[in-house]
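Here is a short briefing on one protein model. Keep the sequence and the structure in view while reading.

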Amino acid sequence: MSIIYQSQGFIIYPQRQTIVKGDEETQVRPKTFALLMHLLEKPGEILSKSYLLDSIWDDVKVEEQVLVQSIRELRQLFGSADIIQTYPRKGYAWAADVEKREQCQAAPAALAAATPATSASYSLRKKLYALTGLVLTVGLILSALLFQTKTQATDFQTEVVVVMPVKSQLPGNDFDWVPLGVMDQIIHSLISNKKVQVAPLEYVFQIMQYAHLPRVYESDETPRLFDVSGTTLIVETQLSGVLENYRMDYKLRTKNDVKRGVIFAKDLNQLLFKLSEAVANQTGQKLHNAEQNAQSAFHNELMARGVEKLDQEDFESAQNLFKSLIKLDPDNLYAHEQLIRALLRLNNFDGAKREIDDSLTLANTKDKQSAARLYFYRAIALMGEQDITNALSSLDKADQLANASDTVLIQAQSSEMRAEIQKSAGNFVQAEASYAQALKFNGVIRCSIGMSSTHLKLAQLLAQEGKIDKAYDHYSQAKQLIETHQLDDMRAYLESVKIEKNEKNQSSNKI
């Protein structure tokens with residue numbers, strides 16, 4: 001017999017670390033699931049933040065923000081902000097009724113029992129949740145490693161530049177926007193190409209989480225990013241000084257070397273342009289015209305606040321901030337993209353599509369990389385409306401533009417989404433090919449997290465088809481990646497798949 005929990009129409013399976021509602025089953029990250037178990041065991045009881053941090057993250061020192069992020073994740077999984085009650089300065093409590101009961105271990109889960117014939121009837125909301133989280137927070141497709149797999153023969157691998165949040169020592173509250181605002185400006189002054197990919201801000205947050213780095217990090221902690229991601233260059237910066245006398249200390253960190261420098265300038269725009277030049281000289285990239293396109297400090301503040309609200313999953317506030325910025329700066333394509341992300345997270349798919357259509361005209365004349373992202377966002381919105389045919393068509397356009405502009409991340413994400421769509425429709429051959437394509441692009445950016453996840457998804461698909469030997473091969477490669485790069489948050493997923501070698505075939509081969 002095994003224990004299960006029921007609350008708010010959901011069934012929670014501790015052994016599989018999944019939650020199920022109807023025919024939708026969602027895998028939950030290990031630490032987040034451990035938090036869920038603590039809350040379910042004591043419904044209605046206020047559990048202090050210190051107790052939860054000490055109980056769940058006892059193996060690593062983390063900031064309180066990690067707990068806050070996991071609370072947000074659970075609220076989103078259960079589709080309700082009220083299911084976990086926040087008690088300021090005290091802690092959190094599960095606010096819904098909980099039923100705890102025993103169940104035979106042999107009882108199949110809804111998803112595990114499904115056949116190819118029933119797979120087509122799965123609600124695509126599960127896929128949408130996974131893919132939206134993948135892309136918008138950033139999505140699972142990004143991390144590390146120089147690792148060649150049997151299923152991916154990549155023609156090349158790119159350099160990956162990661163710009164860290166800026167450490168600000170500027171006096172007063174007027175510069176609270178600097179850590180994210182200046183970070184965002186640096187990222188968008190650098191142009192990705194076939195040889196160098198600049199990590200988006202959301203991706204940086206993602207790998208920092210996997211590396212257990214707080215937002216206010218110490219410099220000696222950043223090398224961990226090389227272990228969990230495909231990063232080849234880390235840009236660390238510290239801003240200090242006073243008005244008309246700014247100073248930027250920077251480190252350009254590779255695995256084997258650290259190049260240090262300092263820049264002085266009378267205004268922030270000049271400072272950012274000089275820093276971007278220093279990075280570009282290191283990588284051989286081209287720059288956007290940072291001096292000409294630099295935003296005002298107020299615009300930077302709106303952008304930083306909006307990004308911060310997105311990260312905190314306060315999507316309504318983020319939406320309002322980005323709308324305000326767009327009114328001030330209608331041609332700010334990145335602000336349009338961030339507004340679309342907020343609308344998608346609010347499940348306002350119709351509003352997102354309208355914003356995408358308005359933005360595409362601007363993007364097509366200015367930035368093919370942005371246009372590729374916009375078509376990918378359109379595919380997400382169409383999936384939310386279960387318009388699969390047009391979603392696939394949007395993915396095709398995203399692929400074309402991403403290929404033309406060397407945007408490898410979008411190519412990887414698009415392949416992953418296409419595989420999920422084909423799998424849900426029971427088209428296993430097409431799904432297998434799309435997963436293999438995702439592996440190829442993840443290999444280009446040396447993405448151990450993305451590759452591990454895709455290997456496991458492919459292993460599950462192949463096992464469902466009865467191709468146990470191939471399934472075990474992909475499972476083994478995922479296991480090697482997870483163990484080599486200490487991807488602790490993926491170990492539960494690995495255990496949930498658990499594909500054994502086909503001993504019968506092995507014996508036949510020996511004979």
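In which loop is Asn-347 found? Asn-347 is found in the loop between helix H13 (333-345) and helix H14 (349-366). This is a predicted model: local features need pLDDT of at least 70, side-chain atom pairs count only at pLDDT 80 or more, and totals for chains, interfaces and linings use all residues. Residues are numbered from 1 along each chain as its sequence is written, and side-chain values use heavy atoms, with hydrogens and water left out. Helices (H or I, at least four residues) are DSSP runs, numbered from the N terminus.

**Loop residues with positive phi**

- Most residues other than glycine have a negative phi.
- Asn-347 has a positive phi, near 60°, and is not a glycine.
- Asn-347 is exposed, with a relative accessible area of 51%.
- Here buried means under 20% relative accessible area, exposed over 50%, and partly exposed in between (1.4 Å probe, protein chains only).
- His-212 also has a positive phi near 60° in a residue other than glycine.
- His-212 sits in the loop between helix H7 (201-210) and helix H8 (224-228).
- His-212 is partly exposed, at a relative accessible area of 27%.

- Helix H6 covers residues 178-189 and has 12 residues.
- The expected span is 1.5 Å times one less than the number of residues.
- In H6, 10 of the 12 residues are buried, so H6 is largely enclosed by the rest of the structure.
- Among the buried residues are Val-182, Met-183, Gln-185 and Ile-186.
- Leu-272 belongs to helix H9 (residues 268-283).
- Leu-272 is buried, with a relative accessible area of 8%.
- Leu-272 touches Val-182, Gln-185, Ile-186 and Met-248, not counting residues up to four places away in sequence. Contact means heavy atoms within 4.5 Å.
- Leu-272 and Met-183 are 89 residues apart in sequence, and 9.5 Å apart in space, C-alpha to C-alpha.

**H16 against H17**

- Two packed helices are described by the angle between their axes and the distance between the axes.
- The axes of helix H16 (residues 388-404) and helix H17 (residues 408-424) come within 9 Å and cross at roughly 160°. Axes are lines fitted to C-alpha atoms, for helices over the stretch in contact, and angles run from 0 to 180 degrees between N-to-C directions.
- H16 is therefore roughly antiparallel to H17 (an angle over 145 degrees).
- The crossing of H16 and H17 is left-handed, meaning that the near helix is turned anticlockwise from the far one by less than a right angle.
- The contact includes Leu-392, Leu-395 and Asp-399 of H16 and Ser-414, Met-417 and Ile-421 of H17.
- By class, this contact of H16 with H17 has eight nonpolar, four polar and three charged residues. Ala, Val, Leu, Ile, Met, Phe, Trp, Tyr, Cys and Pro count as nonpolar, Asp, Glu, Lys and Arg as charged, and the others, Gly among them, as polar.

**H17 against H18**

- H17 and H18 pack at about 160°, with their axes 8 Å apart.
- That makes H17 roughly antiparallel to H18.
- The crossing of H17 and H18 is left-handed.
- Residues that meet include Ser-415, Arg-418 and Ala-419 in H17 and Ser-434, Tyr-435 and Phe-441 in H18.
- The contact of H17 with H18 divides into nine nonpolar, seven polar and four charged residues.
- Ser-434 lies in helix H18 (residues 428-444).
- Ser-434 is buried, with a relative accessible area of 10%.
- Ser-434 touches Ser-415, Arg-418 and Ala-419, not counting residues up to four places away in sequence.

Key. Helix = DSSP H or I, 4+ residues; strand = E, 2+ residues; numbered from the N terminus. Parallel < 35°, antiparallel > 145°, perpendicular 65-115°, else oblique.
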